[in-house]
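Work through the exercises below with the sequence and the model side by side, and try each task before reading its solution.

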Amino acid sequence: CLHVQSEVQVAIVEVREALLTGCEAMSDGGENAEGGGAFVMSGNVTLANVNIINASATSAGSGNAGGGGVFVMSGNVTLANTNIINASATTAGSGNAGGGGVLVNSGTVTLASTFITNASATAPGSGYATGDRISGTSGTVPLATTTTDTDTAPAPTSAPAQLGSASGSHRQVPPATADPPNTRAPLRAAA
């Protein structure tokens, strides 16, 4: 799957027309499991016409799990015409889970014509879970023609969602919708 780590904050990475499927970030100890489909440490990253399917971040120990589909540590990330389907962040121990679809630690994540469905964050142990589809610690997530559920999402928001800044916690970003799922382009398999 995708791991972007740049020593230079101005690094530019573009991924177009890709299929990332069955990707996993796993931890069985005290380490965090982050970014099952894509992990972005820093830089300017664009995922355009990318399908992230069956991706997960799973912690079996005391570590946290986040961003089953996409985890953003920092930087500027754009998801354009991207589908995140069947993504999860799960902890089995004392850790917390957040952002089954997307977890933003800090920075800006722009979602444009992006579809997030069947995403979940679960923490059946002593931790907590928040933000099935989108969650974050701090940063900004502008929502433009983005669908985060197929049946219950409210009308789109016009202003960027501001993520909470409390250390060690996640706050859920309100979902937005614009395009009905049946008008979206079908998923394409990589050649």
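This is a predicted model: local features need pLDDT of at least 70, side-chain atom pairs count only at pLDDT 80 or more; totals for chains, interfaces and linings use all residues.

Residues are numbered from 1 along each chain as its sequence is written, and side-chain values use heavy atoms, with hydrogens and water left out.

**Exercise 1.** Find how many helices and strands the protein has, and what share of its residues is buried.

*Solution.* Begin with the DSSP runs, where helices are H or I runs of at least four residues and strands are E runs of at least two, numbered from the N terminus; the protein has 0 helices and 20 strands. Next, take buried to mean under 20% relative accessible area, exposed over 50% and partly exposed in between, with a 1.4 Å probe and protein chains only; buried residues then make up 50% of the 191 residues.

**Exercise 2.** Locate the disulfide and decide whether Cys 1 and Cys 23 are buried or exposed.

*Solution.* A disulfide is a pair of cysteine sulfur atoms within 2.5 Å, and by this rule the count comes to 1. The bond joins Cys 1 to Cys 23, with an S to S distance of 1.4 Å. The pair links distant parts of the chain, 22 residues apart, since Cys 1 lies in the segment before β1 (2–4) and Cys 23 in the loop between β2 (12–21) and β3 (24–27). Cys 1 counts as exposed because its relative accessibility is 60%, whereas Cys 23, at 2%, counts as buried. Finally, the torsion about the S-S bond is about -80°, so the disulfide is left-handed.

**Exercise 3.** Describe the largest nonpolar core and the contacts of Val 70.

*Solution.* A nonpolar core is a set of buried Ala, Val, Leu, Ile, Met, Phe, Trp, Tyr and Cys residues joined through side-chain atoms within 4.5 Å. The largest has 26 residues, of which Leu 47, Ile 52, Val 70, Leu 79 and Ile 84 touch the most other members. Strand β6 (residues 44–59) gives the most to this core, with 5 residues. Contact means heavy atoms within 4.5 Å; leaving aside neighbours within four places in sequence, Val 70 is in contact with residues including Ala 38, Ile 52, Leu 79 and Ile 84.
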